[in-house]
Amino acid sequence: MYAGGLLTRFGRFVKFLDMYNPTQQKTSQCMDDINLVEEMYELLEEHQAQVPPEHSQQHMLTSTVFNRFKESLSIGQATINKLKPGYVKVLEASISAASKTFESLNTLLQADAISCSPSYDFCEIGSNCEIRVVTV
């Protein structure tokens, strides 16, 4: 059950990365544009320029939404930074276990401990990647 739960969480993490990475890449240009607009509004305020109220309201709304969006991206990156090392360790352990399983299977095959004979020998791979030869 634990391994299944871990794989489910890992699957959700991968889906999150599949969504987050392209979003992060696409927003770079948008962020540059919005930052430029922010700089222009700062200059307008510095020089006490008259800005129509509807433009000021739209700017405030855009700034609020943009700041929330940047905050969401930061939270997303923090989540990735927090979870990634754990999943890397899990993947490394899984690769190591699978490698040992295949080495054991290869040893059994070379020793003719399992074959495609009419006795229907087959291997079962247990939950801890152990190999059992079963003859039916």
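**Surface, loop and core**

Biologist: Glu45, is that buried or exposed?
Modeller: Glu45 is exposed, because its relative accessible area is 60%, where buried means under 20%, exposed over 50% and partly exposed anything in between, with a 1.4 Å probe and protein chains only. This is a predicted model, in which local features need pLDDT of at least 70 and side-chain atom pairs pLDDT 80 or more, whereas totals for chains, interfaces and linings use all residues. Residues are numbered from 1 along each chain as its sequence is written, and side-chain values use heavy atoms, leaving out hydrogens and water.

Biologist: And which helix is the place of Glu45?
Modeller: Glu45 sits in helix α1, which covers residues 2-46; helices here are DSSP runs of H or I with at least four residues, strands are runs of E with at least two, and both are numbered from the N terminus.

Biologist: Which residues gather in the patch of negative charge on the surface?
Modeller: Glu39, Glu42, Glu45 and Glu46 form that negative patch on the surface. Patch residues have over 30% relative accessible area (Shrake-Rupley, 1.4 Å probe, only the protein chains shown as cover) and no salt bridge, with like charges joined within 9 Å; a salt bridge is a side-chain nitrogen of Lys or Arg within 4 Å of a carboxyl oxygen of Asp or Glu.

Biologist: Changing topic, where is Gln48 found?
Modeller: Gln48 belongs to the loop between α1 and α2, the latter being residues 53-110. Gln48 has a phi near 50°, a positive value in a residue other than glycine, and counts as exposed because its relative accessibility is 68%.

Biologist: What about the core, which residues does the largest nonpolar one have?
Modeller: The largest nonpolar core has 9 residues, namely Phe13, Leu17, Tyr20, Met31, Ile34, Phe66, Leu73, Ile80 and Tyr87, a core being a set of buried Ala, Val, Leu, Ile, Met, Phe, Trp, Tyr and Cys joined through side-chain atoms within 4.5 Å. The elements giving two or more residues to this core are α1 and α2, and α1 gives the most, with 5 residues.

Biologist: Is Phe69 exposed or only partly exposed?
Modeller: Phe69, in helix α2, counts as partly exposed because its relative accessibility is 30%.

How values were computed. Patches are made of residues with over 30% relative accessible area and no salt bridge: like charges are joined within 9 Å, nonpolar side chains (Val, Leu, Ile, Met, Phe, Trp, Tyr) within 5 Å. Lys and Arg count as positive and Asp and Glu as negative; His and the chain ends are not counted. The place of a charge is taken as NZ of Lys, CZ of Arg, CG of Asp or CD of Glu.
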